[in-house]
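Subject: A structure for you to explore

Hi there,

Here is the structure I promised to pass on. Please open it beside this email and follow along as you read.

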Amino acid sequence: MSPQARAALDWSETVIGYKTYLEQIEPLLAGRRVLASGMTKEMDRAGQALELALNGVRTAVVSGGDPGVYGMAGVVLETARARGLILGPEPDQVLIEVIPGLPALAAAAALLGAPLAHDFACVSLSDRLTPWETIARRLDLAAAADFVLVLYNPKSRGRDWQFQEACRIAARHRPPATPVGLVSRAMRPGESLTLTTLERAPEAEVDMRTLAIIGNSRSYVYQSKMITPRGYLDKYQTPVR
């Protein structure tokens with residue numbers, strides 16, 4: 001959490017969020033009204049936040065990671081647009097500020113080494129809001145273009161085959177030995193990290209809190225660090241003495 005995000009919590013009178021995320025910051029919520037809800041209630045949270053803000057209540061909407069990366073920022077802004085609200089500081093307007101956080105892809109990449117040092121594509125495997133056909137096409141095109149693939153939401157209780165299928169799609173364009181990093185609960189209690197290969201990745205244990213990074217054609221592992229070269233050594237390397 002950035003100092004700016006901590007200051008926003010200190011400033012707020014009401015804090016709204018997914019109950020699991022609010023539990024993680026419970027010590028910071030003393031003295032504030034807390035409105036918690038479960039999965040699939042994103043629209044309700046956005047509506048609550050906008051109503052409170054329109055009534056002059058200092059309100060914070062909490063996301064995991066970064067609110068603009070698969071988070072609540074888009075839901076709140078889209079809901080404001082759907083309602084025809086005017087954004088701004090005046091009494092009949094609503095002032096919305098998006099405060100950046102640390103997305104899971106950045107946390108996971110730091111733990112793995114430097115797998116995102118070159119171009120990458122980020123895809124969620126959840127088909128709750130996006131048809132699987134669209135997800136599969138994006139995966140295929142991104143893999144064909146040799147992007148590193150960052151996969152969110154690889155598996156849930158109701159979705160148990162999408163991660164294996166994503167690996168199969170990537171394997172059309174990558175050799176079996178391509179490195180794959182699997183990070184669960186990055187920089188949180190229960191954190192785990194696995195380095196494997198594209199051939200073996202479908203056998204790995206993953207869940208909704210796992211982020212998978214599939215390397216590109218040049219990614220490699222050096223002393224337990226996953227690296228995707230940007231090309232600096234190819235261009236500037238001097239002879240080793």
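Below are some notes on what was found, going from the whole chain to single residues.

**How to read the notes**

This is a predicted model, in which local features need pLDDT of at least 70 and side-chain atom pairs count only at pLDDT 80 or more, while totals for chains, interfaces and linings use all residues. Residues are numbered from 1 along each chain as its sequence is written, and side-chain values use heavy atoms, with hydrogens and water left out.

**The whole chain**

You will find eight helices and 11 strands in the chain. Helices (H or I, at least four residues) and strands (E, at least two) are DSSP runs, numbered from the N terminus. Along the principal axes, the C-alpha atoms fill a box of roughly 65 × 45 × 35 Å. The chain has 241 residues, and 39% of them count as buried. Buried means under 20% relative accessible area, exposed means over 50%, and partly exposed lies in between (1.4 Å probe, protein chains only). A contact means heavy atoms within 4.5 Å. Of the contacts between residues at least 6 apart in sequence, 66% join residues at least 24 apart.

Helix H3 covers residues 42-54, and its 13 residues should span 18 Å at 1.5 Å a residue; the end C-alpha atoms are 18 Å apart, which agrees. The expected span is 1.5 Å times one less than the number of residues. Which residues of H3 are buried? They are Glu42, Arg45, Ala46, Gly47, Ala49, Leu50 and Leu52. An α-helix has 3.6 residues a turn, so residues three or four places apart point the same way. The cover over the buried residues of H3 includes strands S1 (14-18), S2 (33-37) and S3 (59-62), along with helix H4 (72-82). Just after H3 comes Gly56, with a positive phi of about 85°.

In H4, the buried residues are Met72, Ala73, Val75, Val76, Thr79 and Ala80. H3 and S3 are among the elements that cover them. Gly84 follows H4, and its phi is also positive, near 70°.

**Two residues that are not glycine**

Tyr70, in the loop between S3 and H4, has a positive phi of about 55° although it is not a glycine. Its relative accessible area is 48%, so Tyr70 is partly exposed. Arg185 sits in the loop between S7 and strand S8 (192-197), and has a positive phi of about 55° without being a glycine. Arg185 is partly exposed because its relative accessible area is 25%.

Is Arg174 buried or exposed? At 4% relative accessibility, Arg174 counts as buried. This residue lies in the loop between helix H7 (162-171) and strand S7 (179-184). Its side chain makes polar contacts, which are pairs of N or O atoms within 3.5 Å; within protein, one must be able to donate a hydrogen and the other to accept it, and residues adjacent in sequence count only if both atoms are side-chain atoms. One polar atom of the Arg174 side chain lies 3.1 Å from the backbone oxygen of Ala143, and the side chain also reaches the backbone oxygen of Gly215 at 2.6 Å. Leaving aside residues up to four places away in sequence, Arg174 touches several others, including Asp146, Phe147, Leu198 and Asn216.

**Leu139 in helix H6**

Leu139 is found in helix H6 (residues 132-144) and is buried, with a relative accessible area of 1%. Not counting residues up to four places away in sequence, Leu139 touches Val123, Leu125, Trp132, Leu151, Ala166 and Ile169. Leu139 and Glu13 are 126 residues apart in sequence and 42 Å apart in space, C-alpha to C-alpha.

**Asp10 in helix H1**

Asp10 lies in helix H1 (residues 3-11) and is partly exposed, at a relative accessible area of 42%. Where Leu28 is concerned, its C-alpha atom is 7.8 Å from that of Asp10, although 18 residues separate the two along the chain.

Enjoy exploring, and write back with any questions.

Best wishes
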